[in-house]
Amino acid sequence: MILLQVVVGGLLLGAVYALFSSGLTLIWGMMNFINFAHGEFVMLGMYVALVVVTAVHGGPAVFAPAAAVALFLLGVLVYGALIKHVTRGPMLAQILSTFGLALLLRYSAFFVFSSDFRTLPESALSGSLNLGGIFVGKPQLLAGVVAAALTLGMHMLLTRTALGSRLLAVAEDRNAAMLMGIRPDRMQALAWGLSAASAGIAGALMAVAYPFSPSVGETFALTAFVVVSLGGFGSVPGAMIAGFIIGLVDQLAGFYVGPIYKDVVVYGLFVAVLWVRPQGLLGRL
Amino acid sequence: MRKNSLGCFAAAALAAMLAAGPALAADAVKIGVLQPLSGNSANAGKSALDAINLAAELVNTVHPEFASLPSVGKGGLSNLGGAKIEVVSADHQGNPAEGQAQTLRLITQEHVAAVLGSYHSNVTFTASAVAERQGVPFVVGDSVAANITSRGYKWLFRVTPIASDFAANYMEFLSDMKKAGHKVDTVAVVNENTDYGTSVGGTVVEQAKKHGFTVAAQIPYNANSTDVSAQVLQLKEKNPDCVIFVSYTADAILYMKTMKNLDYRPPMIIGDDAGFADPSFIPAVGDIAQGVMNRSSWDVGKPGSVTAKINELFKAKTGHELDDTSARDMQAMFVLADAINRAGSTDPGKIQAALKATDLKPEQLMMGYKGVKFDETGQNVLAATYLIQLQGKDYVSVWPAKSATAQVQWPLKGWK
């Protein structure tokens, strides 16, 4: 019974990991660009949810879309104001630009929201379902459903639509895409918007279950990088699978080996997988 | 404008000097107060300084209502011809090196009779070394790290309780509950794995064994975890009679939420200050954490009591209530003032001897200590804490029974 609860807990945690990692892998897949501010996007999603809940007392059906829209706009703005300019610079400038952006966003949040820990008030999404003695957290369950939907949606978008083809064409060869009449800036701004929006939804849903302060992004960013590199940089389904694997290993090791050693097991496995498959589970070399 | 304010200042200073005229009969006793007045902990340091200033004022003025506190409210130190206490404050910015420099300045330039300090344990550690070399008493009201009193210092006196005191109090409380007929045989300790959690967690385990409880589990964990369900499931499996958490804020909140989600409600939870005392804890999970225990050596007490009157005076001056840390500093100032009065001199050696001879009873204190008496390391061996319980929207004092303002609710109500 307790093993089943641990496994269920692991899968739910994996769903949350998959959800906030999918946006990061999208940016890499589209632009070969690592966004170090991804954790801060998640953090801002949490605060958008808080602001919306405080202002209009809406439930998750209100604040999750609100966070998605707000972060989509932020993503587009970040692309236009920063990323577009640094992609012409050296690799180091690209890396440090989003690192600086992360610090800017984090400390602006400290300035606006203070360093106090916040939580969302109880809503229909709080608590857990009791399925014959197995407890399933509602926010985590919804995170899993949304992660699956987002993954599927992005996969369909990229493989089945003309827009997806244009996005991929820009990722493949920017100049050739321009010659075909595609405007790369628009496509890449869209990719940033989608990535940030998925981080926003992830943040809004996690805000229900997790207490947050402006520095919460650090915790999530590290996990997101591990998930993305295990799944294969650029692979959205890979991030989903890797999220579940890491969530499961995390919970099993936490229960049977001990919470302070679980990271040893998780990162040990991570290194072992990358040793055999450096491109990650579903990544291409 | 600048000239004007300078003029005002000069006038005020002159007025103050004239007003203080009669007191000049006996020289003021200077006491150095070392606190973080700028930087990250400036709020805490400022509040401590306010409390210490209020303590000095209560010693210097006439307050018959505080007759139970020795050397307080007599209009100065009677054995020194009514000498007033003068607080000389110094800012260490949370920096151990600055703490040393400021202590040296207080002693050699300001010629203080003793130093009080200094919030951060690491600053107290270095600053007290300077006082030791200079041969001036260093009184610690707030820092709790064990290593401060483990150096065989002769000039160091710590009034505040430390981890072993808190841990012993938790176990005495549980023993009392057992005597009252509740089933308390096993405890589990869940501690975050940095300096704070590891040292306090270890001490709690030690004290639990000493008091005859079975330690069902000790679970160290990383305070930055995004998920704590593995720990909660471990607790659920071991099913201890009381769980003691040594946690920071996000993790304390997360534990309460996860326990509710996994429907695990232990008979009792004790949180060791920190996360459970954070201002965000009650707004976040107050309604599902009903009955959680915590510690505090300070309790406002019933209206009209000495502590309630002190709290009123403090609130009138600062606009906020006296908290545990500032109150512990205020108590340290009273202990020092009493020692100087008994010494009848500002000679550091005589003050040291008087501090060593200190033997205060619980009714002579504003804090919930069992008294003040220093051992050879300088630690107050009678230091103790109250236990408080979350009932409704606030923590209320429930243990020990004689100072309690409410009854202990057992078992934990939680979210029911």
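## A pair of strands in chain B

Let us start with two strands that run in opposite directions: β10 (residues 293-296) of chain B and β11 (residues 386-391) of chain B are antiparallel and are joined by four bridges. One of the residues involved is Arg295(B), whose bridge partner in β11(B) is Leu387(B). Please keep in mind as you read that this is a predicted model.

Which residues of β10(B) point the same way as Arg295(B), and which the other way? Met293(B) and Arg295(B) point one way, while Asn294(B) and Ser296(B) point the other way, and all of these residues are buried. In a regular strand, side chains alternate between the two faces of the sheet.

## The parallel sheet of chain B

Chain B also holds an open sheet of five strands, with parallel pairing and the order β2-β1-β3-β4-β5. Its edge strands are β2 and β5 (156-158) of chain B, each of which pairs on one side only. On average, neighbouring strands of this sheet are turned by 25° against each other, direction ignored.

For a look inside the sheet, take β3 (residues 114-117) of chain B and β4 (residues 138-140) of chain B, which pair in the parallel sense over three bridges. Here Val115(B) has Phe138(B) in β4(B) as its bridge partner. A helix packs on this sheet too: α12(B) touches β1 (29-35), β2, β3 and β4 of chain B, and its direction makes about 165° with that of β3(B).

## Two helices that cross

Helix α12 (residues 324-343) of chain B also meets helix α13 (residues 348-356) of chain B: their axes come within 8 Å and cross at roughly 115°. The crossing of α12(B) and α13(B) is right-handed.

Which residues make this contact? From α12(B) come Ala339(B), Ile340(B), Arg342(B) and Ala343(B), and they meet Lys350(B), Ile351(B), Ala353(B), Ala354(B) and Leu355(B) in α13(B). Sorted by class, the contact of α12(B) with α13(B) has seven nonpolar residues, two charged residues and no polar ones.

Most residues other than glycine have a negative phi, and most peptide bonds are trans. Asn239(B) is not a glycine, yet has a positive phi of about 50°. Asn239(B) sits in the loop between α7 (229-238) and β8 (242-246) of chain B. Asp263(B), another residue other than glycine, has a positive phi near 50° and is placed in the loop between α8 (249-261) and β9 (269-271) of chain B. Asp263(B) counts as partly exposed because it has 15 C-beta neighbours inside 10 Å.

There are cis peptide bonds to find as well. One runs from Trp399(B) to Pro400(B), with omega near -5°; Pro400(B) is in the segment after β12 (394-399) of chain B. Another joins Trp410(B) and Pro411(B), with omega about 0°, and Pro411(B) lies in the segment after β12 of chain B.

## A buried lysine

Lys84(B) is found in the loop between α2 (42-60) and β2 (85-91) of chain B. Why does Lys84(B) count as buried? It has 20 C-beta neighbours inside 10 Å, and a residue is buried if 20 or more other C-beta atoms lie within that distance. The C-alpha atoms of Lys84(B) and Asp375(B) are separated by 29 Å, and these residues are 291 apart along the chain.

## Chain A as a whole

Chain A has eleven helices and two strands, which follow the pattern α-α-α-α-β-β-α-α-α-α-α-α-α along the sequence. How does its radius of gyration compare with the globule rule? The value for chain A is 19 Å, close to the 19 Å that the rule gives for 285 residues, so chain A is as compact as a globular protein of that length.

Along the principal axes, the C-alpha atoms of chain A fill a box of roughly 60 × 50 × 35 Å. Of its 285 residues, 53% count as buried. Among contacts in chain A between residues at least 6 apart in sequence, 77% join residues at least 24 apart.

## Where the two chains meet

Technical notes
Residues numbered from 1 in each chain as written. Chains lettered and ligands numbered in written order. Predicted model: local features only at pLDDT ≥ 70, side-chain atom pairs only at ≥ 80, totals over all residues. Buried ≥ 20, exposed ≤ 12 C-beta atoms within 10 Å, placed from the backbone. Axes fitted to C-alpha atoms, helices over the stretch in contact; angles between N-to-C directions. Left-handed = near helix turned anticlockwise from the far one by under 90°. Contact = placed C-beta atoms within 7 Å. Nonpolar A, V, L, I, M, F, W, Y, C, P; charged D, E, K, R; others polar. Pairing = 2+ DSSP bridges. Rg over C-alpha atoms; globule rule 2.2 N^0.38 Å.
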